Amino acid sequence: NAGVTQTPKFQVLKTGQSMTLQCAQDMNHEYMSWYRQDPGMGLRLIHYSVGAGITDQGEVPNGYNVSRSTTEDFPLRLLSAAPSQTSVYFCASSTRPYIYEQYFGPGTRLTVT
Amino acid sequence: SQELEQSPQSLIVQEGKNLTINCTSSKTLYGLYWYKQKYGEGLIFLMMLQKGGEEKSHEKITAKLDEKKQQSSLHITASQPSHAGIYLCGARPDNAGNMLTFGGGTRLMVKP
């Protein structure tokens, strides 16, 4: 099993550009989520999904869109990148929400200039 | 909303020393999770505590959830350079929700 994979590992965007961060898991997990990590602020939940076709907002959803068309994939879209979105983004999955441990991907480091 | 405060924010210890990291919540904790993050990498699950008074250990790391379920501590015995990293606590804001909130993290360095 590859676990949770994220691509790309690094990305530089200009203000106003759009892009999609990819996340995939091969563990047949129902629950997937996206976090951003900023210095001194821990992890903040952006969006999450409890199954294919179901998504919901987390703490900091503005400026991001998600979709869950399959169990395996949970892409995160930045519609119009802003410098405030410079961060490290982590995708995570688990069998059920917070009853079991979450498995995290290696992260995507995004810089918006 | 629930806030998790971790202390200390950073810690430098000599190899072989014991250390404790605390995680304090502004509300009752429904499940407390400890994760470790190596610099530049993703998070690795360490332990989950659910019941007040619960204590779990893995190798030289012990985590406790206090009786009132508003504070957890992570204790490392005889620290080693491999323990270095960022330790984060996470908790569910309520018993029915699907969200997990995290503390700001504690950055640990172990000097050989």
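Is A:R36 buried or exposed, and what is its relative accessible area? In this predicted model, A:R36 is buried, with a relative accessible area of 9%.

The side chain of A:R36 forms a salt bridge with that of A:D38, at 2.9 Å from N to O. A:D38 is itself buried, at 10% relative accessibility, a value that falls under the 20% cut-off for burial. The side chain of A:D38 also meets that of A:R44 in a salt bridge, here at 2.8 Å from N to O. Like A:D38, A:R44 is buried. Taken together, A:R36, A:D38 and A:R44 are linked in a network of salt bridges. Over all chains, the search of the whole structure finds four salt bridges. One of them is in chain B, where the side chains of B:E54 and B:K56 come together at 3.7 Å, N to O. Here B:K56 is partly exposed, because its relative accessible area is 32%, which lies between the 20% and 50% limits.

Attention now turns to the place where the two chains meet. The size of an interface is often given as the accessible area lost when the parts come together. Chain A and chain B bury about 1,600 Å² between them, and 59% of this area is on carbon and sulfur atoms. On the side of chain A that touches chain B, the elements giving two or more residues are strand 4 (31-37) and strand 5 (43-51) of chain A. Strand 5 of chain A supplies the largest share of that side, with four residues. Sorted by class, the side of chain A that touches chain B holds 14 nonpolar, seven polar and two charged residues. In all, the contact takes 23 residues from chain A and 19 residues from chain B. Zero salt bridges are counted between chain A and chain B, while two residue pairs are in polar contact across the interface, both at pLDDT 80 or more.

The interior of the model comes next. In soluble globular proteins, nonpolar side chains tend to be buried together. The largest nonpolar core has 22 residues, of which B:L19, B:L32, B:W34, B:L74, B:Y87 and B:L108 touch the most other members. A second, separate core has 18 residues, including A:M32, A:F74, A:A81 and A:V112.

A:F90 belongs to strand 9 (residues 87-94) of chain A, and at 1% relative accessibility A:F90 counts as buried. The C-alpha atoms of A:F90 and A:T7 are separated by 10 Å, although the two residues are 83 residues apart along the chain. In chain B, B:S79 sits in the loop between strand 8 and strand 9. B:S79 is buried, with a relative accessible area of 1%. The side chain of B:S79 reaches the backbone oxygen of B:K17 at 2.8 Å. Leaving aside residues up to four places away in sequence, B:S79 touches B:V13, B:Q14, B:E15, B:G16, B:K17, B:L19 and B:V110.

Some backbone features also deserve a look. Most residues other than glycine have a negative phi, and most peptide bonds are trans. In chain A, the peptide bond from A:T7 to A:P8 is cis, with omega near -5°. A:P8 is found in the loop between strand 1 (4-7) and strand 2 (10-13) of chain A. In chain B, the peptide bond from B:S7 to B:P8 is cis, with omega near -5°, and B:P8 has its place in the loop between strand 1 (4-7) and strand 2 of chain B.

For A:N28, a residue other than glycine, phi is near 60°. A:N28 lies in the loop between strand 3 (19-25) and strand 4 of chain A and is exposed, with a relative accessible area of 57%. For B:A78, phi is near 50°, again a positive value in a residue other than glycine. B:A78 is found in the loop between strand 8 and strand 9 of chain B, and is partly exposed, with a relative accessible area of 25%.

Technical notes
Residues are numbered from 1 along each chain as its sequence is written. Chains are lettered from A and ligands numbered from 1 in the order in which they are written. This is a predicted model: local features need pLDDT of at least 70, side-chain atom pairs count only at pLDDT 80 or more; totals for chains, interfaces and linings use all residues. Side-chain values use heavy atoms; hydrogens and water are left out. Contact means heavy atoms within 4.5 Å. Buried area is the accessible area (1.4 Å probe) that two parts lose on being put together, summed over both. A polar contact is a pair of N or O atoms within 3.5 Å; within protein, one must be able to donate a hydrogen and the other to accept it, and residues adjacent in sequence count only if both atoms are side-chain atoms. Ala, Val, Leu, Ile, Met, Phe, Trp, Tyr, Cys and Pro count as nonpolar, Asp, Glu, Lys and Arg as charged, and the others, Gly among them, as polar. A nonpolar core is a set of buried Ala, Val, Leu, Ile, Met, Phe, Trp, Tyr and Cys residues joined through side-chain atoms within 4.5 Å. Buried means under 20% relative accessible area, exposed over 50%, partly exposed in between (1.4 Å probe, protein chains only).
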